[in-house]
Amino acid sequence: MTQQEFYINVGYLANPERRTNIEVEMPHRRQASFIAEYATLTGNFPLPPNSNIAPYYVWVLGTDKYGLETRAYFTSNANIPQSLIDTLEPRGFQNRPGYDVYDRRISRKKNIFPLLEAGFVLGPIQDVNRIRRLVPAAHINDFHAGFAL
């Protein structure tokens, strides 16, 4: 994905109509390193205070959970950029019980962490102004193009 495509996607996902919701889930042993990563990626944006419910779920000690799982849920429209489609779950449409307001899901750290660097945070409320402020000047038009889709 090019930087232009990335910032078009950032604009698309930053639009409140997308209802972008980012969640993480991890075993207890992974929490300390995630806290440090999240602080670095988000410029020390605070984590949700409760770590036993979404969007920040840490499995209790002893749970057989492999590693960090990251997800971004959102509502798409007919104008979804192809480069964003390319990052979706293989099945395309979101069908997780309890997440009916979302029809798309992005997973994998390599797709989610760049969004955190771009101003997104854990949870269903994204601050468009925070995200826009972090867009490099060379890509602000790309951001606005994605936002308008």
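Predicted model: local features only at pLDDT ≥ 70, side-chain atom pairs only at ≥ 80, totals over all residues.
Residues are numbered from 1 along each chain as its sequence is written, and side-chain values use heavy atoms, with hydrogens and water left out.

Let's start inside. The largest nonpolar core has 32 residues; such a core is a set of buried Ala, Val, Leu, Ile, Met, Phe, Trp, Tyr and Cys residues joined through side-chain atoms within 4.5 Å. Buried here means under 20% relative accessible area, with a 1.4 Å probe and protein chains only. Among the residues with the most contacts inside this core are Val 10, Phe 34, Phe 74 and Phe 120. Which elements give two or more residues to it? They are α1 (3-14), β1 (21-27), α2 (31-42), β3 (56-59), β4 (69-74) and α4 (109-117), with helices (H or I, at least four residues) and strands (E, at least two) taken as DSSP runs numbered from the N terminus. The most comes from α1, with six residues.

Now look at Phe 74. Beyond its neighbours within four places in sequence, Phe 74 is in contact with residues including Leu 13, Arg 18, Leu 84, Tyr 102 and Ile 106, where contact means heavy atoms within 4.5 Å.

Back to α1, this time with a partner. The axes of α1 and α6 (residues 140-147) come within 6 Å and cross at roughly 45 degrees. Axes are lines fitted to C-alpha atoms, for helices over the stretch in contact, and angles run from 0 to 180 degrees between N-to-C directions. On the α1 side, the contact includes Tyr 7, Ile 8 and Val 10, and on the α6 side Phe 143 and Phe 147.

On to α4, where Asn 111, Ile 112, Phe 113, Leu 115 and Leu 116 are buried. These buried residues pack against α1, β1, α2, β4 and β5 (104-107). Just after α4, Gly 119 takes a positive phi of about 115 degrees.

Finally, Leu 122 lies in the loop between α4 and α5 (128-134). Is Leu 122 buried or exposed? Leu 122 counts as buried because its relative accessibility is 8%.

Note on methods
Buried < 20%, exposed > 50% of the residue type's maximum accessible area, 1.4 Å probe, protein only.
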